[in-house]
Amino acid sequence: MLEGGGVRTTGTPGLFARVGARLLRSRRLVRAPIWIYRARAGALFGSRMLMLEHVGRKSGLPRYVVLEVVGHPQPDTYIVPSGFGAKAQWFRNIQANPKVRVFVRSRAPATATARVLSTEEADGILAKYQRRHPRAWQQFQHVLEETLGDRPLPMVELRLAG
């Protein structure tokens, strides 16, 4: 990890990174898990994924995105990264309106408040993730570099209400 939250990789990004980054830009592929959550089958993704319902900052309509959980420090708190950085639509939407709903496994949605973490907080969480999931990190660090370049990896805390 680079100072200031950038992603450090080892070696040159290979075919996996280029293909992975391209797949993440495929709207159809990325949106497919949303239908699984809507069918109340989110348990298929286990505890490392969740679906976030947020409000479009321009349209005011509900929007959905499925995200990886990189931290779960408390029972009512989830940490998710924005793999496309601060330009991701969901990330921009939660900055405009931090009131969201979180779908975890096959449970009913829970209301939550989103908070963008500081660079220091995000760096600490990313370091813990790298230690807990070294194989996953090894595979996806190059994909992140392809999508982010040397920009920081923003992270968001989702704190469930009540």
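Author: Two strands pair if DSSP finds at least two bridges between them. Strands (E, at least two residues) and helices (H or I, at least four) are DSSP runs, numbered from the N terminus. This is a predicted model, in which local features need pLDDT of at least 70, side-chain atom pairs count only at pLDDT 80 or more, and totals for chains, interfaces and linings use all residues. Residues are numbered from 1 along each chain as its sequence is written, and side-chain values use heavy atoms, with hydrogens and water left out.

Reader: What makes E2 and E3 edge strands?

Author: The open sheet runs E2-E1-E5-E6-E7-E4-E3, with antiparallel pairing. Strand E2 (62–68) and strand E3 (71–74) each pair on one side only.

Reader: Which strands does helix H4 touch?

Author: Helix H4 (residues 119–132) packs on the sheet and touches E2, E3, E4, E6 and E7. Contact means heavy atoms within 4.5 Å.

Reader: Why is Tyr129 called buried?

Author: Buried means under 20% relative accessible area, exposed over 50%, partly exposed in between (1.4 Å probe, protein chains only). Tyr129 has 5% relative accessibility, so Tyr129 counts as buried. Tyr129 lies in helix H4.

Reader: What is Tyr129 in contact with, leaving aside its neighbours within four places in sequence?

Author: Its contacts are Arg48, Glu68, Val70, Ala136 and Trp137.

Note on methods: Axes fitted to C-alpha atoms, helices over the stretch in contact; angles between N-to-C directions.
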